[in-house]
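Dear colleague,

I am passing on a structure that you have not worked with before, and it is placed just below. My notes on what was found in it follow, and I would be glad if you read them alongside the view.

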Amino acid sequence: MRYPKCRVGHAAACVRSLACVTTLCMLVACSSNVVLRRRPDIDTGPLGPFARCAAGERACQDDPTYDGARFSASNTVYFSLPSCAYGIQAILIQDAGSADAVAIVRCAAPPATPLMTTDGVLPTTELGGGTSDARLPPR
Amino acid sequence: MRTLPQLPNTQVTSLAHWSNFHHTVFQRPVPIYLTPGAFGVPAGSTRGAAFIPDLNAILDYCMADPPERLCTIGSRWSLSNILDPGSVLLDPGVWNEIAAVAPGWLTNEYKQASAARHGVPVVVQGGTTIRALNQALGAAQLALQVSGASDGHRIAGCIATGTHGSHLRVGAVHDSVLGVYLVTGPNQAVLLQPSRRRFSPQLAQWFQDATTLATRDIADDELFAAAQVALGGLGFVHSVIVEAVPLYEWYGQTLARPLFDPAIWHAMETLDTAGLGSMTSPEYFSLVFSPFAGAGENGAFASWLCKQPASRPYAAPGPVRPRIASDLTQLLSQLIPLVDHGLGAAVIGQVIAAQTAAQYRGGAVAPTFPDSTFGPTSLPEGNGRSVELVVDHADTRRAVQTTIATLQREGRAGRHLLGGVGVRFAPRTNALLGMNIHAMNTYIEFPSLGSADTSTIHRAVWQALRAAGIAFTCHWGQEYGMDASSVRAYFGDRVERWRTARAALLPSTAARAVFTNPLLEALGLS
């Protein structure tokens, strides 16, 4: 949300604008921004630039702006993400923009055992429940 | 601009707008933003060595003729121009591994010297945040002896600018550093420690094996003392070795009194808190003054803390939310000076005083782990401003009085500092450019929201201190009112000794051009 820029002599108007915006937000309990973040007990800090991900599942792009202040804007609701052992598979923000917003997080499964190695070897089952790299007999 | 070499394990990005945490460096273009490790660790590699070829290639690129400055960022918290980037910016966050030094590699002299405090040397790579380090240490029933006021900064940046806390016995964070591992050029590294060695040569060999970098093992007091506060000017800080201690908890008291309460000012001058009701001699002591507090209102807040052994299993701090929205701070900062110059000036002072008093209520401080006491910041990014002065503790009363009087005078003129005054302490350091060069040192900080008047207020305080004949320096990581001559006046021959150490560690002109920054150049340190 952007507030109007103020100039000398327009302070009163700006204060009135702020009051209107604040009142409006209180009335509709708006939270136009959602921040999902790691809990402090697993947070290792950021790495690299921001990524910008547009709707429609388009590939995320490097965000040309590096400014963390966007994460603490007005009308932001904060959620702590769970510590998923293998990363996150999907996140649903239900009722985003309402006071009842809730995040539903689905953890990802561990990486699958490679089904096919680069030289075309398919792991085969072996006694004891494990697998080996033995080649399947030709059909 | 030259063509970058192939950097297979580094993300290379071009940014249109890069800003530091507080927006004192705002929307700078960064044509080459480098993030080693952004794609993960390549298969078959160990993390310690995986990104060294890229680092070597980056340094080769920067040191070619003409040299290109390499700006290596921490958590971007510095408000000074030390991190004002050039064309090449390196994010070293992947270097965040932590390992205790093998006990067999510690010298007998160090073991004896550290026995009473049960010191445990820990290798911490430069990109590690204080928070991540606290977590790792806490899980091992260990803790840092001292940190700054929050935990989001990276260890290399933390010590590079002299972050200090207010520990009356340990000193600043750089005073708990036992060794520094610097990369000074492509495939060139050095492990620095004092001449009275803490570590056997096995540690330097370990670094060489882990990184594949040719590593010199140097035990030299001057070079080590230079590297303790390196200001980004001595090379790439790959790792530091900090001394951890057994996990402890802080407990103590906060006392709220009127602004010029005699008992608080006496404690500030003597560091004796008995007159405040403290039953024991604290290890941590700090003060906050609210310069616009009215008569009869609380405007001086003293906090003292003592350590006790951990009484319960370690638990990390919980999440915090920003105290105020970042866009709201910007709006307020635009509005307040307009009101400030009109009829509402007195009201602004009262609002600031009330906000300060609300944050520092008196009462007991229940035992908390150090990373909860000095945990995640609730300060929003953007629009923060701050200056920190450092003076000989003998000058404390005059310096704090002068600062408060100047802020009050500026307020009466319609220019309010949108914040308060913090006062903290640390004993002498051996670090050449540590700000705590006196037997005891007083840090006087006045952080605030930014406004159109903030720079004028800062200049007024610096001018008033000079007019009063009070010698001071400014925090390297905050806005400063220093120039080359005033830095030399404060630090004396330490400046030339630091420059001599820099020339020894970076003998080539190209290397010194790579590891420099606007702060070094402005203050005659490059």
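Between chain A and chain B, 16 residue pairs are counted in polar contact, with both residues of each pair at pLDDT 80 or more; please keep in mind throughout that this is a predicted model. On the side of chain A that touches chain B, at least two residues each come from helix H1 (11-28), strand S4 (65-66) and strand S5 (76-81) of chain A, and H1(A) gives the most, with four residues.

The rule finds one salt bridge across the interface of chain A and chain B: Asp43(A) is paired with Arg131(B), and the closest N and O atoms are 2.4 Å apart.

As for the extent of the interface, 36 residues of chain A are in contact with 43 residues of chain B. The size of an interface is often given as the accessible area lost when the parts come together; here the area buried between chain A and chain B is about 3000 Å², and carbon and sulfur atoms give 59% of that area. Of the area that chain A buries against chain B, 22% is supplied by Pro40(A), Leu47(A) and Tyr66(A), which is more than any other three residues supply.

With best wishes

How values were computed:
Residues are numbered from 1 along each chain as its sequence is written. Chains are lettered from A and ligands numbered from 1 in the order in which they are written. This is a predicted model: local features need pLDDT of at least 70, side-chain atom pairs count only at pLDDT 80 or more; totals for chains, interfaces and linings use all residues. Side-chain values use heavy atoms; hydrogens and water are left out. Contact means heavy atoms within 4.5 Å. Buried area is the accessible area (1.4 Å probe) that two parts lose on being put together, summed over both. A salt bridge is a side-chain nitrogen of Lys or Arg within 4 Å of a carboxyl oxygen of Asp or Glu. A polar contact is a pair of N or O atoms within 3.5 Å; within protein, one must be able to donate a hydrogen and the other to accept it, and residues adjacent in sequence count only if both atoms are side-chain atoms.
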